[in-house]
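Biologist: Please pick one part of this model and take me through it closely. I'd like the geometry, with each cut-off spelled out as you go.

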Amino acid sequence: MSTVNIIKKCKENNYTAQLEVYNSYKNMMLNSVVQIVKNKSQAEDIVQDSFIKGFQKIKDLDNNANLGAWLKRIAINNSLDYLRNKKKFNFIDDSSILELCLEEKEEEIDECISIDFIKNCIHQLKEKYRIILVLYLIEDYNHREIGEMLSLNESTVRNQYKRGKDLLLKMIQQ
């Protein structure tokens, strides 16, 4: 079934179409949410809530829209809301701090480093850095979009991204 037909069927509350959407996108959404909340069982709950919210709001979605990206955005926003409600992270708007633009220190990193090692390093970062790195590097949001999601100035996002990336590189190089 094409995406246009699936969206139309979901708008009609068709269970088979909803199940197809769920099976098609649940793993992608779960991977994204786990990167943000760092707890698989909580991430599973957030994904379920995201599907419910998505199916409730699908009537507002254009039939030609990218359904996967739309659902992923709902899941990421729900993850951030969860963290805000749990007060697990607190971003400080430091856009007034003038930061010197240093040349990138991305030295050659051993190609034998495993993805799991890098993920582990990311998970060890402070929440404010980890979330921005995940949204920017893995989820492919730009600084402006991340700023809107987190209610921060774009310059704050850029600063925290750079600091987080520098910390991550130090961890990987050690």
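Modeller: Buried means under 20% relative accessible area, exposed means over 50%, and partly exposed is whatever falls in between (1.4 Å probe, protein chains only). This is a predicted model, where local features need pLDDT of at least 70 and side-chain atom pairs count only at pLDDT 80 or more, while totals for chains, interfaces and linings use all residues. Residues are numbered from 1 along each chain as its sequence is written, and side-chain values use heavy atoms, leaving out hydrogens and water.

A quick bit of context before zooming in. The chain has 8 helices and 0 strands; helices are DSSP runs of H or I with at least four residues, strands are E runs of at least two, and both are numbered from the N terminus. Of its 174 residues, 39% are buried. Contact here means heavy atoms within 4.5 Å, and among contacts with a separation of 6 or more, 73% join residues 24 or more positions apart.

The part I'd pick is helix 2, along with what packs on it. Two packed helices are described by the angle between their axes and the distance between the axes. The axes are lines fitted to C-alpha atoms, for helices over the stretch in contact, with angles running from 0 to 180 degrees between N-to-C directions. Helix 2 (residues 15-37) and helix 3 (residues 40-57) have axes that come within 8 Å and cross at roughly 135°. The two are therefore oblique to each other: angles under 35 degrees count as roughly parallel, over 145 as roughly antiparallel, 65 to 115 as roughly perpendicular, and the rest as oblique. The crossing of helix 2 and helix 3 is right-handed, which is the label when the near helix is turned clockwise from the far one by less than a right angle, anticlockwise being left-handed. Helix 2 brings Q18, V21, Y22, Y25, K26, M29, L30, V33, V34 and V37 to this contact, and helix 3 answers with K40, A43, E44, I46, V47, Q48, S50, F51 and F55. Sorted by class, that's 13 nonpolar, 3 polar and 3 charged residues, with Ala, Val, Leu, Ile, Met, Phe, Trp, Tyr, Cys and Pro as nonpolar, Asp, Glu, Lys and Arg as charged, and the others, Gly among them, as polar.

At 38% relative accessible area, K38 is partly exposed.

Helix 2 also packs on helix 4, at an angle of about 35° and with the axes 9 Å apart. This crossing is right-handed as well. From helix 2, the residues involved are V21, Y25, M28, M29, S32, V33, I36 and V37; from helix 4 they are L67, G68, L71, K72, A75, I76, S79, L80, Y82 and L83. The tally for that contact is 14 nonpolar, 3 polar and 1 charged residues.

Next comes V134, in helix 6, which is buried at 0% relative accessible area. V134 and S32 lie 102 residues apart in sequence, yet their C-alpha atoms are 8.3 Å apart in space. Ignoring neighbours within four places in sequence, V134 is in contact with Q35, I36, I122 and E139.

Side chains of opposite charge can pair when their charged atoms come close. K72 and E139 form a salt bridge at 2.8 Å, N to O, the cut-off being a side-chain nitrogen of Lys or Arg within 4 Å of a carboxyl oxygen of Asp or Glu. This pair ties distant stretches together, 67 residues apart: K72 belongs to helix 4 (residues 67-86), and E139 to the loop between helix 6 (127-138) and helix 7 (143-150). Both partners are buried.

The structure holds 6 salt bridges, and another of them makes a handy contrast. E148 pairs with R144, their closest N and O atoms 3.0 Å apart. Those two are 4 residues apart in helix 7, about one helical turn. E148 is exposed at 51% relative accessible area, whereas R144 is partly exposed at 41%.
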